[in-house]
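Let's take a walk through a protein fold together.

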Amino acid sequence: MVYVVDLDDTLVATTEFNNDAYNYALEKHNLKTIKTKSRITRNKIKVDKIQEIVKDKQNYFSQKWLKYRLVINYELLEIIKQNGKENCYLWTSADRNRANIIIKELDLEKYFASIIFDEKKDFNKSINKLKDITKNDAFLIFEDNEKFFKKSMPCQSVKNNNFKIKKYYIEANDFIT
């Protein structure tokens, strides 16, 4: 069994900073900001200048004070440390550039055997990808996106002040068709 950990809002709280960055970019282009507690994504912004907005958002997000704005889930990081780098994988659907900036700035690569970029749109494909990369059939997955795991029941909720995540035990052969 290996440990698979999502990045955004599971290992690192990023929604508030992400939303600030999007609103900065919207304001810069004289567009209306978005007030929400849920995560702003490029799909939620319906403007012609979306590529410019995203570029400005990413530039804002990657400023030198990035590491001071992000909150790390230290309880989860401790679980990762206890189970060893060779047994832990970081799994994310985040924009590759933004994710790499977070990973580098917070020095997270030292805790994981591999960083797995996955769209996380098709559950079976994602589980198959995890199986192929980790060379394992069983996973303990830590994730904040319950909707993606509608086919499986979490074995435990893991909550603290900044994170509401679930832990899922997945056997790949139960899902791969």
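The strands themselves (E, at least two residues) and the helices (H or I, at least four) are DSSP runs, numbered from the N terminus. What you're looking at is a predicted model, where local features need pLDDT of at least 70 and side-chain atom pairs count only at pLDDT 80 or more, while totals for chains, interfaces and linings use all residues. Residues are numbered from 1 along each chain as its sequence is written, and side-chain values use heavy atoms, with hydrogens and water left out.

Let's begin with the sheet. Strands of a sheet pair through backbone hydrogen bonds, either parallel or antiparallel. Here, six strands make an open sheet with mixed pairing, in the order 5-4-1-6-8-7. Which strands sit at the edges? Those are strand 5 (114-117) and strand 7, each of which pairs on one side only. On average, neighbouring strands of this sheet are turned by 25 degrees against each other, direction ignored.

Now look at strand 1 and who it pairs with. Strand 1 runs parallel to strand 6, and four bridges join them. With strand 4, strand 1 also pairs in the parallel sense, over four bridges. Val2, for its part, has Phe139 as its bridge partner in strand 6.

Move on to strand 6 and strand 8 (residues 164-171), which pair in the antiparallel sense over six bridges. Along this pairing, Ala138 stands opposite Glu171 in strand 8, and Glu143 stands opposite Lys166.

How covered are these strands? A residue is called buried under 20% relative accessible area, exposed over 50%, and partly exposed in between (1.4 Å probe, protein chains only). In strand 1, five of its five residues are buried: Val2, Val4 and Asp6 point one way, and Tyr3 and Val5 the other way. In strand 6, six of its six residues are buried. There, Ala138, Leu140 and Phe142 point one way, while Phe139, Ile141 and Glu143 point the other way.

For a contrast, find Gln51, whose place is in helix 2. Gln51 counts as exposed because its relative accessible area is 60%.

Next, the inside. A nonpolar core is a set of buried Ala, Val, Leu, Ile, Met, Phe, Trp, Tyr and Cys residues joined through side-chain atoms within 4.5 Å. The largest one has 31 residues, and Leu11, Ile80, Leu108 and Phe112 have the most contacts inside it. Among the elements that each supply at least two residues of this core are strand 1 (2-6), helix 1 (15-28), helix 4 (74-83) and strand 6 (138-143). Apart from it lies another core of 15 residues, including Val2, Phe123, Phe149 and Tyr168.

What does Leu11 touch? Contact means heavy atoms within 4.5 Å. Leaving aside neighbours within four places in sequence, Leu11 is in contact with, among others, Val5, Val71, Ile80, Leu90, Leu108, Phe112 and Phe163.

Finally, the rings. A pair of aromatic rings is described by the distance of the centres and the angle of the planes. Rings of Phe, Tyr and Trp (its six-membered ring) pair if their centres lie within 6.5 Å; planes under 30 degrees apart count as stacked, over 60 as edge-to-face and the rest as tilted. A search of the whole structure turns up nine aromatic pairs. One of them, Phe123 with Phe148, is tilted, at 5.4 Å centre to centre and 55 degrees between the planes. Phe123 is in helix 6 (residues 123-134) and Phe148 in the loop between strand 6 and strand 7 (156-159), so this pair links parts of the chain 25 residues apart. Phe123 counts as buried because its relative accessibility is 7%, and Phe148 is buried too, at 10%. Ring pairs also link Trp91, Phe123, Phe148, Phe149 and Tyr168 into a cluster.

Definitions and conventions:
Two strands pair if DSSP finds at least two bridges between them. Axes are lines fitted to C-alpha atoms, for helices over the stretch in contact, and angles run from 0 to 180 degrees between N-to-C directions.
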